[in-house]
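Take a pencil, try each task, and then compare your steps with the worked solution.

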Amino acid sequence: QGMARRSLVTGGLTQHPLRVQQLKAQKLPRRQYRHWVFGRAQQPCGLCGQIIVKEDWNGRRLYRCSSCAGGSGLTLDFSEVQ
């Protein structure tokens, strides 16, 4: 299931459902398990542990992991994430 579809079906969750369950079990607030990277500047990436950076691009906020999404057009496969 694609991330955009998952977000639509789950009311905005972009994390993998298994990862959401793990984070909920840790009693984290929704804002901390809702997105893979959005709004998580200076926090570790859930896939590789590198720090997520926030950039401004044409007046828009852009959050990214330079390790996972460093290349242009890179599509990440989250199917193996638990």
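The exercises below go from the overall layout to one helix and then to a pair of rings.

The model is predicted: local features need pLDDT of at least 70, side-chain atom pairs count only at pLDDT 80 or more, and totals for chains, interfaces and linings use all residues. Residues are numbered from 1 along each chain as its sequence is written, and side-chain values use heavy atoms, with hydrogens and water left out.

**Exercise 1. List the elements of the protein in order and find where the confidence is lowest and highest among them.**

Step 1: Helices (H or I, at least four residues) and strands (E, at least two) are DSSP runs, numbered from the N terminus. The protein has three helices and two strands.

Step 2: Reading from the N terminus, the order is α-α-α-β-β.

Step 3: Now bring in pLDDT, the predictor's confidence in each residue, from 0 to 100. The average for the protein is 78, and 82% of the residues score at least 70.

**Exercise 2. Work out which residues of helix H2 are buried and which are exposed.**

Step 1: Apply the cut-offs: buried means under 20% relative accessible area, exposed over 50%, and partly exposed in between (1.4 Å probe, protein chains only). In H2 (residues 17-25), Arg19, Val20 and Leu23 are buried.

Step 2: These three cover an arc of only 100° around the axis, so they sit on the same side of H2. The arc is that of the directions from the helix axis to the C-beta atoms.

Step 3: Turn to the other side of H2, where Gln21 and Ala25 are exposed.

Step 4: Look for the cover: what lies over the buried residues of H2 includes helix H3 (30-33).

**Exercise 3. Find the aromatic pair and name its type.**

Step 1: Rings of Phe, Tyr and Trp (its six-membered ring) pair if their centres lie within 6.5 Å; planes under 30 degrees apart count as stacked, over 60 as edge-to-face and the rest as tilted. This rule gives one aromatic pair.

Step 2: The ring centres of Phe38 and Tyr63 are 5.0 Å apart and the planes are at 75°, so the pair is edge-to-face.

Step 3: Check the accessibility. Phe38 is partly exposed at 37% relative accessible area, whereas Tyr63 counts as buried at 12%.

Conventions:
Contact means heavy atoms within 4.5 Å.
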